[in-house]
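Please keep the model in view while reading.

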Amino acid sequence: MSHPAVRLAELRESPLDVAEVVAALDDAAAGGLTLFVGRVRDHDGGKGVTGLDYSAHPSALDRLRQVCDRVAADHDVHGVAAVHRTGTLAIGDLAVVVATTASHRDEAFRASRALIDTLKDEVPIWKHQRFGDGTEEWVGAP
């Protein structure tokens, strides 16, 4: 059973919506909401990126939910949300949106930082980047 503070934890191929994440965390007791939005940038390692694909291992959604549960348990938060894209993304597309709410901003900032860092470290989602020079690279693959 997931922690009651986890309001949204999903992987999806459709575009991400910051407003959906903010709405999922609506809570009159929350004095602060800290949001992190990860976007597809046009460069990596000095090379121009033209686009990328995200692939998720079949266990990725369960792992994402476990990370959200752990962050909710470890921090004094009212709400936790995390959504990550899969599939083909263009420059400027949103790749990941995470947010937490708490009574005070400091805890919301700490929890959101832990959420994005742990998600990146532990959830098996791999990035396949395509570069302007015709080369490509897998990032985060085992």
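In this predicted model, residues 24 or more positions apart account for 74% of the contacts in the chain with a separation of 6 or more, a contact being heavy atoms within 4.5 Å. Local features need pLDDT of at least 70 and side-chain atom pairs count only at pLDDT 80 or more, whereas totals for chains, interfaces and linings use all residues. Residues are numbered from 1 along each chain as its sequence is written, and side-chain values use heavy atoms, with hydrogens and water left out.

The chain contains three helices and nine strands, in the sequence order β-α-β-β-β-α-β-β-β-α-β-β. These elements are DSSP runs numbered from the N terminus, helices being H or I with at least four residues and strands E with at least two. The radius of gyration is 16 Å, close to the 14 Å that the globule rule gives for 142 residues, so the chain is as compact as a globular protein of that length; the radius is taken over C-alpha atoms, and the rule is 2.2 Å times the number of residues to the power 0.38. Along the principal axes, the C-alpha atoms fill a box of roughly 50 × 25 × 25 Å. Of the 142 residues, 42% count as buried, that is, under 20% relative accessible area, with exposed meaning over 50% and partly exposed in between (1.4 Å probe, protein chains only).

Strand β8 (residues 125–131) has six of its seven residues buried. Seven bridges join β8 to strand β4 (residues 47–56) in antiparallel fashion, strands being paired if DSSP finds at least two bridges between them. Within this pairing, Ser-55 has Trp-126 of β8 as its bridge partner. Strand β8 also pairs with strand β9 (residues 136–139), again antiparallel, over four bridges, and Lys-127 has Val-139 of β9 as its bridge partner. Four residues lie between the strands of the β8 and β9 hairpin, where Gly-134 takes a positive phi near 90°.

Is Thr-118 buried or exposed? Thr-118 lies in helix α3 (residues 105–122) and counts as buried because its relative accessibility is 17%. Apart from residues up to four places away in sequence, Thr-118 touches Val-67, Arg-70 and Val-123.

Leu-35, in strand β2 (residues 32–39), has a relative accessibility of 35% and therefore counts as partly exposed.
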